[in-house]
Amino acid sequence: MKIFVSNIVRKARGGVAYRDNAVDAPAVRFGRGADCEVHLPDPRVLLKHATLEARAGGVFIDASPSAEVTVNGAAATAAKLNVGDKVGLGPYQLEVLAPPEGQEFAVSLELVRPLGDDLDELKQRSSARIDRVGFGKRGWSYGLFAVIALVFFLWPLVTFLTRPAADHASLMQGDSRGFIAASDKLWLSGEISGPHKFFGDKCEGCHQSSFVQVKDEACISCHEKVTHHVDVVKFPDASFAAESCQSCHKEHNGVREAVLRDQNFCASCHATIEKTAAAANLLNATDFGRDHPQFRPTVVTDPVAKKLERISLDSKPKEMSGLKFPHDKHLNPNGVRSPDAAKPVVMNCENCHVPESGGVLFKQVSFEANCQSCHLLQFEAQAPERRMPHGKPAEALQAIKDAYSSMALRGGYNAPTAPEVVRRRPGLQPLTAPERLEALAWADSKANETIAGHFGKGRCAECHVISEGATPTTWDVVPATVAKRWLTKGQFDHGKHRDVACESCHGARNSSSAQDVLLPGMKAMKSVDTLAAPDIKGCQDCHGGERAANKVPSTCISCHQFHVDGMPPMRKGKSASLPVGHPVNVAFTGGSARQ
Amino acid sequence: MLVYRNFRYFKWAALLVLASVIAYWLHQPFAGVPNGGTWLGYVLGTIGAGIIFWLTYLGIRKRRYGIHREGAGKDKRKDGIKLEDWVSAHIYFGLSLIIVATLHTGFQFGWNLHTLAYALMIIVIVSGIFGVYAYIRYPQLMTENRRGLTLNNMLAQVADLDKEMRGITMSMGENINAAVLRAAQETRVGGSFGRMLAGQDASCPTTAARVLVEQVAHQPHDDEAALRRLLSLLVRKEELLRRARRDVQFSALMQIWLFVHVPLSFGLLAALTAHIVSVFFYW
């Protein structure tokens with residue numbers, strides 16, 4: 001087959017050149033291979049890409065397997081060619097032309113997709129500059145700046161500014177706002193203390209005005225009853241008038257209470273209290289372990305006058321309660337006799353000393369609850385059901401008289417010294433008048449004998465101090481006066497020490513007198529035999545000062561209150577004078593053990 | 001940079017750190033809780049914020065080339081503060097912030113703006129530490145790797161090799177021709193962040209072509225001389241690509257930290273400003 005091939009070469013400046021040649025072969029091969037009739041020097045072309053052949057019916061193009069051949073844009077493996085057809089051979093385009101004279105077939109051939117420059121393309125594909133990727137530093141910088149300013153500054157600010165002011169009632173509702181409405185939580189500088197958490201996302205509850213430190217009014221709206229440290233009329237220097245609540249109560253320091261515990265704060269005055277408050281009659285203290293005065297329990301020194309005195313343990317104070325109570329006899333390890341039991345009953349502390357609910361203190365010991373079951377207050381063996389009422393000496397004497405009168409008139413009293421009328425069988429005929437007189441005379445004398453004797457005065461005197469009267473039958477019982485708490489200036493929580501045996505601290509087992517002030521004094525956890533006299537050392541065995549390394553670190557407010565009960569409110573009218581006769585001494589009432 | 005002026009700025013920064021630590025140790029914060037709101041907290045916070053604002057000024061200062069030369073001869077003091085001073089001080093005072101700012105926090109952290117500012121600052125400092133390492137370590141490695149060539153030289157050589165190989169493969173089998181063509185048309189150096197930092201291309205078409213040609217060369221072939229020539233060209237191209245990619249990797253490593261350092265510094269400026277305003281807003 002003879003075909004005419006017109007090579008079209010487009011010049012860079014726009015001109016077109018034609019290089020024509022004629023090929024004569026049975027089948028015209030197009031390809032990269034040197035043996036092809038039409039050589040296509042491009043790596044994208046196969047060695048033998050396609051073949052043009054005249055067969056019955058026309059001229060056909062046959063693509064080699066896997067060769068990229070299109071006819072008029074459609075992929076083809078074999079096709080009959082007509083004038084005007086465009087055949088793609090890889091990057092070349094073949095167009096069928098009307099054959100000139102003497103030729104059977106004619107095509108034009110053009111490289112329509114020439115290879116690019118290797119270096120340019122390599123550079124184009126390669127990216128070696130990190131700042132050409134992504135947004136670049138500048139974009140990220142401005143973006144991050146804007147995001148943080150919006151989320152962490154403007155959003156909380158807008159939240160605050162668009163919110164109504166908080167009042168006490170809205171705080172007390174304690175409902176959570178949710179994160180969106182409480183975006184100023186992003187500004188939270190630290191976890192809010194446990195007691196304040198229930199309104200913790202209402203920042204404006206305390207932070208009432210921007211750029212102003214939290215004012216006392218915000219605190220007082222809830223804490224109006226917080227009391228002064230001292231009687232500010234007597235000790236104006238300790239009124240803390242220049243301080244605000246938050247000088248001591250720092251919030252946002254975690255869930256612990258926002259309470260100032262530093263003993264240095266207390267020591268700043270109490271190291272030399274005589275300089276700031278000479279009239280306070282206080283001793284200096286700076287550290288419980290190293291520098292704390294001896295305990296000075298408030299004891300009853302006169303039960304009749306109910307006189308209380310604060311006396312140092314060094315002076316061996318006695319509790320003159322008007323009671324006689326030998327702890328040692330009651331705590332006898334072999335037991336004590338009991339009217340109900342055949343065998344002796346072994347007693348222990350809890351039989352009488354029952355913790356109050358809350359466990360800080362103990363319920364007051366009472367005759368009815370704690371003594372009566374053994375101490376029956378009987379006075380007459382032949383009338384064991386007759387008992388003296390407790391706590392009312394006059395009624396007790398009357399009860400004795402009534403008992404003997406009744407027995408005398410009834411008869412049947414079995415004693416050789418008693419008159420016949422008293423000893424007669426009861427239930428016979430009624431007494432005559434002289435017999436009644438005789439019986440009552442005996443009853444009177446027997447009652448007086450009992451009242452003045454072992455089963456009357458003696459019975460009371462087993463436990464009570466007796467004040468003698470003009471005659472043997474006109475004595476009286478000194479009313480018992482017991483200090484509910486000896487250490488009234490501090491608070492001791494028995495509940496916190498419930499796992500420590502009573503005897504580790506209190507030497508009751510060796511105490512034979514109710515006058516003993518059984519404050520802690522022993523070496524802790526030692527046996528009863530090594531007891532020492534009551535002393536602050538009894539506490540210091542376990543407790544040290546704030547920075548104690550190998551003892552329980554105990555700061556001043558572990559035992560003492562700053563806002564002392566009974567003082568007037570601190571912030572409402574802090575310069576106002578105290579009400580007259582406000583309670584200060586709290587010995588009998590025991591004060592309030594808890595804040 | 002580090003030993004500049006016999007560690008002058010190191011000494012100043014160390015002094016600051018030492019003073020901060022001693023003050024923190026001696027300070028008995030009221031209420032027993034170390035906190036940014038104690039007097040020492042305010043002092044450390046003010047120093048820290050001052051240092052941060054001053055250090056970010058380096059970004060402006062370093063662009064003002066020749067500032068000290070303008071003043072030369074006229075004002076001796078101006079003459080003294082060179083860019084090297086700035087960089088040296090930037091490094092040491094930046095490091096000192098780790099201590100100063102941590103003490104300022106009183107070790108109180110939370111999910112809030114304040115800890116965000118702290119965290120941003122720490123990331124900025126850590127990225128800066130990497131930057132110092134990169135500037136010490138990589139220039140030397142780059143010089144060794146380049147052996148006198150620039151990256152453009154290497155790429156130009158690669159392009160030349162491609163052209164030469166194309167001439168050889170023109171008459172070779174379809175497999176080899178296609179592989180070499182693909183190696184020429186699809187091989188690339190660098191690319192995305194990941195490719196630049198990887199420093200290699202696990203699916204490099206050039207390597208694939210070299211492996212193919214090696215396999216073919218093991219079998220009898222009618223044009224062994226051309227095949228050997230092709231193989232040696234491919235190996236040379238591969239070696240050039242390896243070095244080019246390492247070069248891109250080193251320059252990427254020398255710059256990548258700035259993509260953390262600079263944007264997070266801006267984030268830090270926003271967070272720090274918000275932090276300062278907010279703590280006094282809710283005083």
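**Labels and the values behind them**

Guide: In this predicted model, the lining of the second largest pocket receives at least two residues from each of helix 2 (136-161) of chain A and, in chain B, helix 2 (39-61), helix 5 (83-105), helix 6 and helix 11. The space in this pocket amounts to about 1,100 Å³, and among the 38 residues that line the pocket, B:Leu58, B:Gly59, B:His90, B:His261 and B:Val262 are the closest to its centre.

Visitor: Why is B:Ser127 called buried?

Guide: The relative accessible area of B:Ser127 is 8%, and buried means under 20%, so B:Ser127 is buried. This serine is found in helix 6 (residues 113-146) of chain B.

Visitor: Which residues touch the most other members of the largest nonpolar core?

Guide: They are B:Tyr138, B:Met165, B:Met172, B:Ile176, B:Val213 and B:Leu230, within a core of 42 residues. Helix 6, helix 7 (151-169), helix 8 (174-186), helix 10 (205-217) and helix 11 (224-281) of chain B are the elements that give two or more residues to this core, and helix 11 of chain B gives the most, with 18 residues.

Visitor: How do you know that this core lies between two domains of chain B?

Guide: Residues of this core come both from domain 1 (8-146 + 258-281) and from domain 2 (151-256) of chain B, so the core lies between them. One of its members, B:Met165, touches B:Val180, B:Leu230, B:Leu233, B:Leu234 and B:Lys237, not counting residues up to four places away in sequence. There is also a second, separate core of 38 residues, which includes B:Leu16, B:Leu55, B:Leu103 and B:Ala117.

Visitor: Why is A:Lys316 called exposed, and why is A:Leu377 called buried?

Guide: A:Lys316 has a relative accessibility of 57%, and exposed means over 50%, so A:Lys316 counts as exposed. For A:Leu377 the relative accessible area is 14%, which is under the 20% limit for buried, and A:Leu377 is therefore buried.

Visitor: What is the phi of A:Lys316, and what is the phi of A:Leu377?

Guide: A:Lys316 has a positive phi of about 50 degrees although it is not a glycine, and this lysine is found in the loop between strand 14 (307-310) and helix 8 (327-330) of chain A. A:Leu377, also not a glycine, has a positive phi of about 60 degrees and is found in the loop between helix 9 (367-371) and helix 10 (393-410) of chain A.

Visitor: How many cavities of 30 Å³ or more does the structure hold, and which residues lie nearest the centre of the largest cavity?

Guide: The structure holds 2 such cavities, and the volume of the largest cavity is about 60 Å³. Its lining consists of 12 residues, of which A:Lys250, A:Asn253, A:Arg256, A:Glu257 and A:Ala258 lie nearest the centre.

How values were computed: Residues numbered from 1 in each chain as written. Chains lettered and ligands numbered in written order. Predicted model: local features only at pLDDT ≥ 70, side-chain atom pairs only at ≥ 80, totals over all residues. Heavy atoms only, no water. Helix = DSSP H or I, 4+ residues; strand = E, 2+ residues; numbered from the N terminus. Buried < 20%, exposed > 50% of the residue type's maximum accessible area, 1.4 Å probe, protein only. Core = buried A, V, L, I, M, F, W, Y, C linked by side-chain atoms within 4.5 Å. Domains from an automatic or database assignment. Contact = heavy atoms within 4.5 Å. 1 Å grid on protein atoms, 1.4 Å probe; cavity = no way out; pocket = protein on both sides within 12 Å on 5 of 7 lines; lining within 4 Å. Points joined across faces, edges and corners; volume = space filled by probe spheres on them.
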